[in-house]
Every structure is written in C-alpha cells, then in structure tokens.
Amino acid sequence: MSFTLIPQAKARLHRSELAVPGSNPTFMEKSANSAADVIFLDLEDAVAPDDKEKARTNIIQALNDLDWGNKTMMIRINGLDTHYMYRDVVDIVEACPRLDMILIPKVGVPQDVYAIDVLVTQIEQAKKRDKKIGFEVLIETALGMANVEAIAQSSKRLEAMSFGVADYAASTRARSTVIGGVNPDFSVLTDKDESGARQTHWQDPWLFAQNRMLVACRAYGLRPIDGPFGDFSDPDGYISAARRCAALGFEGKWAIHPTQIELANQVFTPSEAEVTKARRILEAMEEAAKAGRGAVSLDGRLIDIASIRMAEALIEKADAMK
C-alpha cells in the first residue's frame, strides 16, 4: 500500500437510492414504507419552477412528521446557478434534524462543493446541530467528469458520487434518447467469417465515464453510485445495467420508480455463494499464515493478500445488509 492513507467515508448501506419528487406528498408517504436504503427528496429536476417553494415546505413536513426508519434521508437541492439553492439549504437544514445528506447536482469544480460546505457548516454551528450532514455529488457534465478527481477531494463531508447519465449525455452531445440505455450505433463489427457473414456486438457507451468516476471514488474513500435507468417498464434492461456497474465495483444504483428498488437491492447484495467463498478464502489464508506461507491455492487458484482484502470487503458489505 502507499504511505498515503485515505480515510474512508462514513459507511452506509447504499444499494438502492430512490428519487422522490418533493412536490408530491403522497409519493413521499409511500416511499417511507419502501425497501430503499437511501431516499432523496427532490427539489431540482422533478419539480417545476412554480412548485419549488411548496416542495420545500412539503419536504420539511415529511422529514419531521413521517417515520423513515433507518433509511438514509437526503435532499437534492437546486443547482448553484439558480436562486433556489440557498433557500433549499437554509430552510431545510435549519428545520430538519432527521436530514442525513445533501445531494448536490451538476457539480463541475471543487468550489461548488466548498460553497455548500460553508453554508451547511454555518447552519450547523448556529443551530448547534449534533448530526453532521454528509454530501453526495452528481457527476453529470463534461466539466464535472474532467475535474472528478479534484471534486472527490473537495470536502470532508463528501461520502458518495452518482453518475447522472442523462445530463452527462446532453453535456457531451452523445446521441442518446434513452436514459441509461445503450445505442445500437455504439457497436463493433466482427471480421467476415468463411461465409462472409459478420456479427455486430453492442457496447456500453457509458463505461468509460462510469469507470473514471469509480476510480476517483475508490481512490478517495467515497461510495460510487450509478444513476437512473429511465425505462421503468424494462426490468431486464435495468438489471443488466445494474449488473455491469456491480461488476465494476459500484455500491448501488438509483431507482426512479418503486419497482426498481428491489431490483437494485438484489443486484448489489452479495450472493450466498460469494459470501461463502469469501469466508473460505479468509480461512485458507489464516491456515497459510499459521504455516508461514504468504500465498496458498484454493480450488486450484492462487490466493494472496489481495484476495484477503477483496474477501474482507465483500463480507463487510454482506454483514451490513443483515
């Protein structure tokens, strides 16, 4: 390991992140009884300009009056380029001790996070707030992706990053009309076989961006979370997208519809077989250590200290879900 050790963000269960419009009290009531790990009550994209102030009032009432159990409760504020943002932060943070986190949209530079940090810090001090507010940032522009490593180091409050695929596609001028989906033009063509036939293999146009954000998160101790999949009538497409991210190392995915919550929870929960294998790895390495060996084989494959770290991380995640 490097001599530079990066502290890890506060551990939270973050398999599913449910988006709920702050302009709809009925949806908020229903979400309180859902199986989502994290809920963000939205003041930004899901709320029309004329409804912004009412949404703020709705969210304050919901955070204070509803039983949210052990869910992580978050608000998505409006962007720093709007005049709604400061009142989103001041009104809700001052009035809602149940609030755990703030989701900051369209972060482009570290200073965007710093600005919210200053405001929240002053409110916490003024109100003598015991619980420190955490941050999640949305990386959803070309500017944000270009500065993602610097943004990842921007605040000690920062816990997670989400990849906002829709605005990112718009920012990069990607030819995409399906939020989080694939495009048949983003594919490769095989060479001709003996008969002259060729095969087309679709690829994931978001892989580079997701992977870059993932590396920044893991380098600086944050949770990487994948954003929305727009077609909530396509559970197979959602599961496929979620599995790709889980394979990369993401911890969870947004749900923009209640039907997507359980899908996310299933994909990002380690299977019993994975947990069993991880425990066997730790047992095998413990036996190897007693025998004075630094590496050992298990089921015909070499395992070493890196295997231990991966196994410990998986077991830690599984234990958090009990």
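These legends describe close-up views of a predicted model.

Residues are numbered from 1 along each chain as its sequence is written, and side-chain values use heavy atoms, with hydrogens and water left out. Because the model is predicted, local features need pLDDT of at least 70 and side-chain atom pairs count only at pLDDT 80 or more, while totals for chains, interfaces and linings use all residues.

View 1. The unreviewed UniProt entry places the feature "domain: HpcH/HpaI aldolase/citrate lyase" at residues 16–258. UniProt positions are given in the numbering used here, feature names are shortened, and annotations may be inferred rather than shown by experiment. Helices (H or I, at least four residues) and strands (E, at least two) are DSSP runs, numbered from the N terminus. The domain assignment of the protein chain gives domain 1, made of 16–182 + 202–269, and domain 2, covering 274–320. Such bounds come from an automatic or database domain assignment. Taken over C-alpha atoms, the centres of domain 1 and domain 2 are separated by 34 Å.

**View 2. Cys217 and Cys245.** Zero disulfides are found in a search of the whole structure. Cys217 is in no disulfide, and its nearest cysteine sulfur, that of Cys245, is 12 Å away. Cys245 is likewise in no disulfide, with the sulfur of Cys217 as the nearest cysteine sulfur. A disulfide here is a pair of cysteine sulfur atoms within 2.5 Å. Cys217 is buried, with a relative accessible area of 0%, and Cys245 counts as buried at 1% relative accessibility. Buried means under 20% relative accessible area, exposed over 50%, and partly exposed in between (1.4 Å probe, protein chains only).

**View 3. Helices α3 and α4.** Two packed helices are described by the angle between their axes and the distance between the axes. Helix α3 spans residues 85–95 and helix α4 spans residues 110–127; the two pack at an angle of about 30°, and their axes are 10 Å apart. The pair is therefore roughly parallel. Axes are lines fitted to C-alpha atoms, for helices over the stretch in contact, and angles run from 0 to 180 degrees between N-to-C directions. Angles under 35 degrees count as roughly parallel, over 145 as roughly antiparallel, 65 to 115 as roughly perpendicular and the rest as oblique. The crossing of α3 and α4 is right-handed. A crossing is right-handed if the near helix is turned clockwise from the far one by less than a right angle, and left-handed if anticlockwise. Within helix α4 lies Val120, which counts as buried at 0% relative accessibility. Val120 and Leu99 are 21 residues apart in sequence, and their C-alpha atoms are 12 Å apart in space.

View 4. Most residues other than glycine have a negative phi. Lys106, which is not a glycine, has a positive phi near 50°. Lys106 lies in the loop between β4 (101–104) and α4, and at 33% relative accessibility Lys106 counts as partly exposed. Arg173 is not a glycine either, and its phi is positive at about 65°. Arg173 is placed in the loop between α7 (165–172) and β7 (187–189), and counts as exposed at 67% relative accessibility.

View 5. Helix α2 (residues 52–65) contains Gln61, which is partly exposed at 48% relative accessibility. Gln61 and Cys96 are 35 residues apart along the chain, with 8.7 Å between their C-alpha atoms. Strand β1 (residues 16–21) contains Glu17, which is buried with a relative accessible area of 0%. Glu17 and Phe3 are 14 residues apart in sequence, and 34 Å separate their C-alpha atoms.
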